[in-house]
Amino acid sequence: MNRNIDFSTIISYIYIVFVSILIFIPFMISFWRSLWTPDGQLGLSNYFSMAGVFWPRVWLSLQLSLITVVLDLIIAIPAAYALTRYEFRGKRPILLTLIGVWYVPGIAYALSLILSFYLIYKQCLSILGFIVTYTTGFLPMMLLSSIVAFRRLEISYEEAAACLGATGLKRFIYIVLPLIGPGITSGILLTFVLSFNEFITAFLLAGPTGILTAPVKVFDDISHAGMLGFVAAEASILQIISLTVIFVYLKIVGTRYLKGTVFF
Amino acid sequence: MVSVRAVDISKRFGDFLAVNHVNIEARDRELITLLGPSGCGKTTTLRIISGLVKPDTGEVYFGEKNVTNVPPHKRNIGFVFQKVALFPHMNVYKNVSFGLKMKKFPKNEIDKRVKEVLKIVRMEGFEERMPSQLSGGQVQRIDIARVLAIDPEVLLFDEPLGHLDAKLRDDLKYEIRRIQKETGKTAIYVTHDQAEAFAISDRVYVMNHGQVQQVGTPIELYLNPKSDFVADFIGTSNFLEGTISEIYENRLKIKVNDGLILVSEVMPNVQEYKVNDNVIVSIRPEDIELLGNLTIKENSFEAKVERSTFLGTNTRLLIALGNRILKVDLYGPERFKIIDTAVSTNFHVRRFTIIKKT
């Protein structure tokens with residue numbers, strides 16, 4: 001009996017290590033490559049050489065991701081609340097419209113969106129174009145995870161709070177928001193990571209606006225310079241930032257909301 | 001303290017008429033129960049009184065104040081839910097103090113009230129526990145403490161013991177009654193369990209198909225059900241169809257379809273009946289007694305015992321009367337008697353209820 005348990009545990013660990021290696025090997029290789037200069041020296045000089053040009057791009061991408069997360073939260077939470085708590089005419093078409101972006105190829109949608117905003121508002125030639133396209137593009141991520149969270153939230157908690165004298169806003173702040181943590185957490189993390197690393201929309205916008213986000217800058221450098229050490233350094237920085245933000249977020253918010261969904 | 005009245009309230013959900021012109025009154029400091037089977041409209045009625053559901057028609061009054069359009073958070077009610085609604089992210093102290101915090105009580109007053117109500121529900125010292133660290137009964141006590149903390153005018157209970165085991169239900173129902181009496185609150189309690197309703201209520205509203213079928217004290221309802229539904233839902237009854245064959249000396253003689261002749265006691269309302277009226281006779285199993293070899297002329301009959309089952313506190317007999325099987329419950333020393341199932345035995349109907357057939 002014990003032998004069986006031990007054997008399955010060993011297999012589980014081997015599997016986890018194997019999958020981890022698969023995930024981490026590309027990162028380790030690019031990181032290792034980033035430590036070597038063109039003249040064969042080992043060190044951090046690649047990081048210093050590209051810093052002046054690349055860090056402003058990273059800062060821009062970070063800002064865009066954070067703005068996207070905040071705007072998507074502001075839009076998705078009330079929308080998800082209304083879609084789960086109230087019955088009204090046209091509910092399903094509205095939901096389909098909100099998540100419709102997922103049903104078309106990314107590049108086609110990005111192009112259509114950029115053209116629309118350019119033709120209607122003449123705005124895609126600025127940072128506003130990035131914000132609008134990112135926010136719209138990643139809304140389904142936040143919306144669907146919020147809808148799941150609201151569906152799991154028993155209405156009786158809100159009713160109990162109402163009977164105890166809590167107004168609608170207070171119920172939302174003290175009861176609803178803390179209890180929909182799981183949905184918000186996964187939605188925030190996915191929206192942040194995916195928008196920080198977003199390439200298609202950013203690439204299409206880069207031409208008319210001349211604004212390069214960090215992932216597009218990496219692509220641009222690979223196209224022009226090949227896989228040199230400083231390009232590997234740029235790729236490593238993007239990966240390190242993504243992982244660091246997730247780590248810090250989970251440290252602050254806690255991992256309890258991800259139990260059962262992620263190996264923690 | 002305050003009385004609660006629901007006047008002519010109705011509520012429809014799509015095609016389903018959940019509450020159909022219901023009138024309810026809980027007098028000051030009274031505990032009334034809405035009793036009925038699933039889907040009878042009792043919970044919807046309670047939720048209308050709480051303000052969680054808006055009625056299609058009718059009005060709700062707390063005392064003389066019409067609260068029909070007052071939202072629940074302004075009604076000053078205490079609602080104990082069937083599904084436990086303790087906030088899982090707050091400890092006991094925070095749960096109990098939540099309502100006081102919403103009503104902006106000062107911190108020292110909150111501390112004092114929390115201590116007081118935890119003492120009432122006998123849960124002192126549990127302030128730091130999280131809901132997940134409490135047993136089912138403890139959670140329900142904290143839920144009650146939480147609603148008592150805000151000193152509500154009215155207590156509303158929606159099957160609060162529904163998910164607890166039988167022993168705990170038994171203990172907690174008396175606790176609820178004790179707390180209601182001690183605090184002197186007007187209370188409305190919803191349950192489908194007749195024993196629970198009878199144990200704690202001053203008066204019971206029996207509901208079915210969205211309507212109130214009968215109102216009365218537990219004893220009134222048990223002894224004088226006005227419909228076959230109430231007679232059947234409250235306890236157990238044998239129903240026999242019959243016709244009034246004679247009226248004399250303020251008594252009714254009823255010819256039951258199975259050949260039995262039953263004579264009622266003197267009835268104050270005998271003028272409500274006429275000869276040849278069709279009626280239903282409801283006989284409680286404990287109101288049929290074993291006569292053995294003795295004979296009483298009136299309301300007695302002979303029947304063969306089909307089955308005898310000893311149940312501890314009583315023995316349940318199934319006896320054949322014509323084509324019908326009647327239930328008979330024997331209590332006291334009689335329950336230990338060995339009943340011969342091979343021969344017919346004499347039985348006597350001690351009391352029965354006459355229900356007009358509609």
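**A buried charge and its surroundings**

Tutor: B:Glu175 counts as buried, because its relative accessibility is 10%; buried means under 20% relative accessible area, exposed over 50%, and partly exposed in between (1.4 Å probe, protein chains only). The model is predicted, so that local features need pLDDT of at least 70 and side-chain atom pairs count only at pLDDT 80 or more, whereas totals for chains, interfaces and linings use all residues. Residues are numbered from 1 along each chain as its sequence is written, chains are lettered from A and ligands numbered from 1 in the order in which they are written, and side-chain values use heavy atoms, with hydrogens and water left out.

The side chain of B:Glu175 forms a salt bridge with that of B:Arg141, at 3.0 Å from N to O. A salt bridge is a side-chain nitrogen of Lys or Arg within 4 Å of a carboxyl oxygen of Asp or Glu. This pair links distant parts of the chain, 34 residues apart: B:Arg141 lies in helix H4 of chain B, and B:Glu175 in helix H5 (residues 166-183) of chain B. Helices (H or I, at least four residues) and strands (E, at least two) are DSSP runs, numbered from the N terminus.

Other salt bridges may be set beside this one. The side chains of B:Asp277 and B:Lys274 meet at 3.9 Å, N to O, and B:Lys274 is exposed, with a relative accessible area of 55%. Salt bridges with shared partners also join B:Glu175 and B:Arg141 to B:Arg122, B:Arg178 and B:Glu182 in one network. Over all chains, the count comes to 27 salt bridges by this rule. Another of them joins the side chains of B:Arg203 and B:Glu30, at 2.6 Å from N to O. These two residues are 173 residues apart, with B:Arg203 in strand S9 (residues 203-208) of chain B and B:Glu30 in the loop between strand S2 (16-26) and strand S3 (31-35) of chain B. Both B:Arg203 and B:Glu30 are buried.

Contact, which means heavy atoms within 4.5 Å, takes 24 residues from chain B and 18 residues from chain A. The size of an interface is often given as the accessible area lost when the parts come together. Chain B and chain A bury about 1,800 Å² between them, 70% of it on carbon and sulfur atoms; buried area is the accessible area (1.4 Å probe) that two parts lose on being put together, summed over both. On the chain B side, B:His73, B:His89 and B:Met102 lose the most area to chain A, together 31% of what that side buries. One salt bridge is found across this interface, and in it the side chains of A:Glu159 and B:Arg47 meet at 2.4 Å, N to O. Strand S6 (77-80), helix H2 (92-102) and helix H4 (136-149) of chain B each supply at least two residues of the side that touches chain A. Helix H2 of chain B gives the most, with four residues. By class, this side has 15 nonpolar, three polar and six charged residues. Ala, Val, Leu, Ile, Met, Phe, Trp, Tyr, Cys and Pro count as nonpolar, Asp, Glu, Lys and Arg as charged, and the others, Gly among them, as polar. Chain A itself has eleven helices and zero strands, and 42% of its 264 residues count as buried.

The contact between them takes eight residues from domain 1 of chain B and seven residues from domain 2 of chain B. The two domains bury about 640 Å² between them, 50% of it on carbon and sulfur atoms. In domain 1 of chain B, B:Tyr222, B:Pro225 and B:Asp228 lose the most area to domain 2 of chain B, together 69% of what that side buries. The count of salt bridges between the two domains is zero.

B:Pro225 is also one of the residues touched by B:Gln214, not counting residues up to four places away in sequence. B:Gln214 is found in strand S10 (residues 211-216) of chain B and counts as buried, because its relative accessibility is 9%.
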